Amino acid sequence: MRHWFVMLLSLALIACDRAPHGRVEKMDTFNVEEPVPAPMGYAPSPSSANGPRIAYSYSVTYDFDERTVAKVQGQQLALCRKLGPTRCLVMSSSLDTSGPDDSVVNDEAVLLIDAHMVPNVNQRLDALATESGARVASRQVEAEDVTRQVIDTDARVRAKQALAERLLTIIRAGKGNVGELVQAERTYATTQEELDAARAAQADLAQRVAMSRVTISYHFSAIPSDRSPILQSLFSAGETLSASIASLITLAIGGLPWLVAGLLILALLRWIAVRRGWRWPLRRRSA
């Protein structure tokens, strides 16, 4: 009975460990065909569920000539929140409060958008930006084929689930001695942890396919591009001079305590020399 129990447990573990591990196939391109938007309430058919799994990520950069970055970003984030967390989710956003003397400002926002709605949402984001005087400086699309990862993860989930069910059946039957049952319970706990990890990876892959990552960059420059080279050089020289003066002020403020300490040390040495009657060699000779 003991040999039969150990053999059954070993065969179950070997069958589970033979689940293939996937390899990520990634393709970076700027001319990837975007998925066609689907109507509201769209659900993939069983045939499309067995097709390739492609995770799309988008990035766009807007150039601003006026200080309307905060306005545009607020409108775009409000549009995303209005769609709801199941269709659009704000992952992160940064907005620097630039002063009137800041000539260059860079901000960013990261959104997760339903893959079937990305083309329509991108058009609405572009419309909000262009209405405030911005223009699209660059746009990139990246596609990652995660089909093999999805297949391997699904197979691993099924294998771990089957193993957990077999171990649970053995534990409930109560066959074998106490040591064998304790070992079966430990193996069941380990298998359950691996099953939870595999299910988490499965959910993460499903979200990457269903939701596309959209990275929005906002760039503002107070230096007009139509300036002549001489004016641009003068503008750059003014900025360089301002930065140099600021560095000099910082250096002076940082060195002020050392200057005070040095003067105090010199005064102390002079006082000691006067008390002891020390004289410089030149003064001695003249005397």
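This is a predicted model: local features need pLDDT of at least 70, side-chain atom pairs count only at pLDDT 80 or more; totals for chains, interfaces and linings use all residues.
Now, which residues of helix 5 are buried? The list includes Thr147, Gln149, Val150, Asp152 and Thr153. Lys160, Leu163, Ala164 and Leu167 are among them too.

Hold on to those last four names, please. Thr191, over in helix 6 (residues 178-210), touches Lys160, Leu163, Ala164 and Leu167, leaving aside residues up to four places away in sequence. Is Thr191 itself buried or exposed? Its relative accessibility is 2%, and buried means under 20%, so Thr191 counts as buried.

Let's move on to the largest nonpolar core. It has 29 residues, and those touching the most other members are Tyr62, Phe64, Leu111, Ile113, Leu125, Ile216 and Tyr218. Where does this core come from? At least two residues each are supplied by strand 2 (54-64), helix 3 (69-83), strand 4 (104-114), helix 4 (118-131), strand 5 (135-145) and strand 6 (211-221). Helix 3 gives the largest share, six residues. As background, nonpolar side chains in soluble globular proteins tend to be buried together.

Finally, a look at Ile216. Not counting residues up to four places away in sequence, Ile216 touches Val60, Tyr62, Ala109, Leu111 and Leu125, among others. Its contacts also include Gln76, Asp107 and Glu108.

Terms used. Residues are numbered from 1 along each chain as its sequence is written. Side-chain values use heavy atoms; hydrogens and water are left out. Helices (H or I, at least four residues) and strands (E, at least two) are DSSP runs, numbered from the N terminus. Buried means under 20% relative accessible area, exposed over 50%, partly exposed in between (1.4 Å probe, protein chains only). Contact means heavy atoms within 4.5 Å. A nonpolar core is a set of buried Ala, Val, Leu, Ile, Met, Phe, Trp, Tyr and Cys residues joined through side-chain atoms within 4.5 Å.
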